[in-house]
Amino acid sequence: MNFEFTEEQLMVRHAARDFAQNELKPGVIDRDEHQKFPAEQIKKLGELGFMGLMTAEQYGGSSMDTVSYVLVMEELSKVDASASVVISVNNSLVCYGLEKYGTEEQKQKYLIPLAKGEKIGAFCLSEPEAGSDATSQRTTAIDMGDHYLLNGTKNWITNGNSASTYLVMAQTDASKKHHGINALIVERGMEGFTIGPKENKMGIRGSDTHSLMFTDVKVPKENRIGEEGFGFTFAMTTLEGGRIGIASQALGIASGAYELAVQYAKERKAFGKTIANLQSIQFKLADMATEIEAARLMCLKAAWLKDHHLPYGQASAMAKLFASKVAMDTTIEAVQIHGGYGFVKEFHVERLMRDAKITQIYEGTSEIQKIVISREVLK
């Protein structure tokens, strides 16, 4: 077992940390308050190669490993989870899926600009009646010979209004149930494709989450990913890697809140001394540090397994389940340590607490992770 990072991994972590502190932090409270998408910051992240971290260089990516991805996600999420989720979706759900399962033509047309950060991608699985029950797709893609006719609604779509390329799961043959689902590449601007209003969310408010509506959208057959009926397998396989991204996001939120709590505890005085000298605070910090380190190791293990082409579905589910709980627990305690100041926006921890909750919900709720894990342990 080797717990040392390579020089390249340390360099990319340092670059992500610098960017988070210097580029993301200055405007993060304002973006949260006014639900502003971090467009300028995402463009710069693309220029740094973070939008296609794990994509091969020949397709415009940075050819880095999943461990590097975890390190980047943690550093960005310490400061701005609304920005880091854009990185997560574009890398884990869009670029990864296209590179692994797309045709060469699809990679040339769609993957390269996505990996370079010239365009942003979105992953469209959830529907009003198909969240955790992803098999119940109501969006239909009727086979019309040389194209599919796409009809339906998707909701909770991250990057909903900022994306140019959308990977949409739709039912083509209902009699085959989930084996009749296809994954289609839909372009922004296709006739009949409309974007609904932005959701007014509790957390990750800078991220643009929208519903999408499709009315007789003609999607060329060459935009189907994989064979006929491959869509559900595509979605589930892609989400396994996506969970590493969200687990790392949760880790970063927890880590960011913990660092703020330590700093505050060293500065805040009560009863004639800094509160860091109070055992009640010391014990809180000890628990936070221990749980964060455990979550970090789980994220890195899942990433290591993926990098070594070993089964990682159970590990990624465990990492997401545990890290998201640690994010909630840690941010709540960070607010508590800050006392009244923790309840106001300028100290950041209240925002981190609001951002933490979504990590227990999207890309598979904590309950779904338990289903995934229990299936594996009972095999």
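**Exercise 1. Sort the residues lining the largest cavity by class.**

Start with the tally: one nonpolar, two polar and six charged residues make up the lining of the largest cavity. Here Ala, Val, Leu, Ile, Met, Phe, Trp, Tyr, Cys and Pro count as nonpolar, Asp, Glu, Lys and Arg as charged, and the others, Gly among them, as polar. A cavity is a set of points on a 1 Å grid over the protein atoms alone where a 1.4 Å probe fits but cannot get out, and lining residues have an atom within 4 Å of a point.

A quick note on the source: this is a predicted model, and totals for linings use all residues. Residues are numbered from 1 along each chain as its sequence is written.

Now put names to the lining: Val28, Arg31, Asp32, Lys36, Asp80, Ser82, Gly206, Arg351 and Asp355. Two elements, α2 (28–34) and α10 (349–357), each give two or more of these residues; helices are DSSP runs (H or I, at least four residues), numbered from the N terminus. With three residues, α2 supplies the largest share.

**Exercise 2. Find how many cavities there are, and how much space they hold.**

First, the count: two cavities reach 30 Å³ or more.

**Exercise 3. Describe the lining of the second largest cavity.**

Look for Met54, Thr66, Tyr69, Ser92, Tyr96, Gly241 and Lys306. Both α4 (66–77) and α5 (81–101) give two or more residues to this lining. Sorted by class, you get three nonpolar, three polar and one charged.

Terms used:
Predicted model: local features only at pLDDT ≥ 70, side-chain atom pairs only at ≥ 80, totals over all residues. Heavy atoms only, no water. 1 Å grid on protein atoms, 1.4 Å probe; cavity = no way out; pocket = protein on both sides within 12 Å on 5 of 7 lines; lining within 4 Å. Points joined across faces, edges and corners; volume = space filled by probe spheres on them.
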